[in-house]
Amino acid sequence: MQTKRGLRRRARVSRMLSCLLAACLAAGVLAGCEGAAQRAEIVLLTSPGPLEASSFSQSAWDGVRLYAGMNDRTSYYYQPAGDDEEAREETLERAILVGAQLVLMAGTAYADTAATAQEAHPDVSFVLLGGEPTGGCAANTSAAEFAVEQAGYLAGYAAVAEGYTALGFLGEGPDGESVAYGLGFAQGANAAGKKLDVKVTLRYDYSSTAAASADRQQHAADWYKEGTQVIFACGEQVDRAVVAAASALGSGRAKVIGAGEDRSGESETVLVSALPVAGAAAAQLLKAYYTDAFPGGETLRYGTAEGAVALAMENARLRQFTQADYDTIYAKLAAGKVHAYTAAKGEEEMPLSPAGLGLKLNYLDLQYEYAA
């Protein structure tokens, strides 16, 4: 059983990975070189384009090279030339050619690639980070999904603890990840409202993937002008639109909470971001592989207990909600003392609205606006 102190350390997982990597680099112990055509035991397939410090792929690579460096394993990452299936499959074949025994793939875009690879290369093990292979995992494949509802919970709690009581949630789709983020956000906001004895207004909507960017931006701008103080924006296109709307009004009038990766560099209006820590899951699955405990055929769920979801507190623009406050609520989630639910009791399907959870959200004035 983990101690309270140990659980609190989970909240700092992103910074710990960065610090450990820096120490390993200084000592010259990190194995592998990103672009070299040399043999490698472990290969990570990333998203196209250069790795960015705030990205899911960068987090995954941090975890891979940290594990490899500390355990004398060779590791590399490869990037597809384009964002299409042919490019991803060509990148996979590069990994096989350099002798990869374990190939990790970062992101749901690799779902079809992983499904094809696990059948074509039964002697190689695969990990899909952030989703499941199309059709499920074969015996040589494991998948890692993230309990992003817990990250959403932390975001909602932080927003209200920071003093904001007029909130908005705007998700993309609706798709599964956005729905989970939003459900957690509502529960966290309600929990903080209860603790502080304040009522919180929460406007709640989804933006169709077919919606034009200008329409999304206007939607967010209307909310801000009508009194919404902070919008939790989930989805790449939604994020861009909400940040643009907030930036046009200025950080004094409009704030944003990002999702999926650290959005703090996009605008001064971004308070904090809720995100999966892909590197934590990657490192733990690598350890399982090299200790003969690889969970082939399984999809595992990683959350606060594994240090695999978080708020990007190191770049947060929060004044009232402190690191100590964050560590406390993070530890409670990790220990199961508080919960972020994604379905009503006895149900499996996620409701689109927090009202469908069957919980007493007495400190929320929920204004659900989505019309399917």
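Rings of Phe, Tyr and Trp (its six-membered ring) were taken to pair if their centres lie within 6.5 Å, with planes under 30 degrees apart counted as stacked, over 60 as edge-to-face and the rest as tilted. By this rule the count comes to 15 aromatic pairs. In one of them, the rings of Tyr204 and Tyr206, the centres are 6.0 Å apart and the planes stand at 80°, so this pair is edge-to-face. The structure is a predicted model, in which local features need pLDDT of at least 70 and side-chain atom pairs count only at pLDDT 80 or more, whereas totals for chains, interfaces and linings use all residues. Residues are numbered from 1 along each chain as its sequence is written, and side-chain values use heavy atoms, with hydrogens and water left out.

Burial was assigned from relative accessible area (buried under 20%, exposed over 50%, partly exposed in between; 1.4 Å probe, protein chains only). Tyr204 is buried, because its relative accessibility is 0%, and Tyr206 is buried as well, at 4%. Tyr204 also forms an aromatic pair with Tyr368, which is tilted, at 6.1 Å centre to centre and 40° between the planes. Because Tyr204 belongs to strand S7 (residues 200–207) and Tyr368 to strand S13 (residues 364–368), this pair ties together parts that are 164 residues apart in sequence. Tyr368 itself is partly exposed, with a relative accessible area of 33%. Ring pairs link Tyr204, Tyr206 and Tyr368 into a cluster that also includes Phe169, Tyr181, Phe185, Phe232 and Tyr370.

Helices (H or I, at least four residues) and strands (E, at least two) are DSSP runs, numbered from the N terminus; two strands pair if DSSP finds at least two bridges between them. Strand S7 is largely enclosed by the rest of the structure, since seven of its eight residues are buried. S7 runs parallel to strand S6 (residues 166–172), to which seven bridges join it, and Asp205 of S7 stands opposite Leu170. With S13, S7 pairs in the parallel sense over five bridges, and here Tyr204 stands opposite Tyr368. S6, helix H7 (residues 176–196) and S7 make a right-handed β-α-β unit, meaning that, with the strands pointing away from the viewer, the path from the first strand over the helix to the second runs clockwise.

Elsewhere, helix H5 (residues 111–120) has as its buried residues Ala111, Thr113, Ala114, Ala115, Ala117 and Gln118. Their cover, judged by contact (heavy atoms within 4.5 Å), includes helix H4 (85–97) and the strands S3 (102–106), S4 (125–129) and S5 (141–146).
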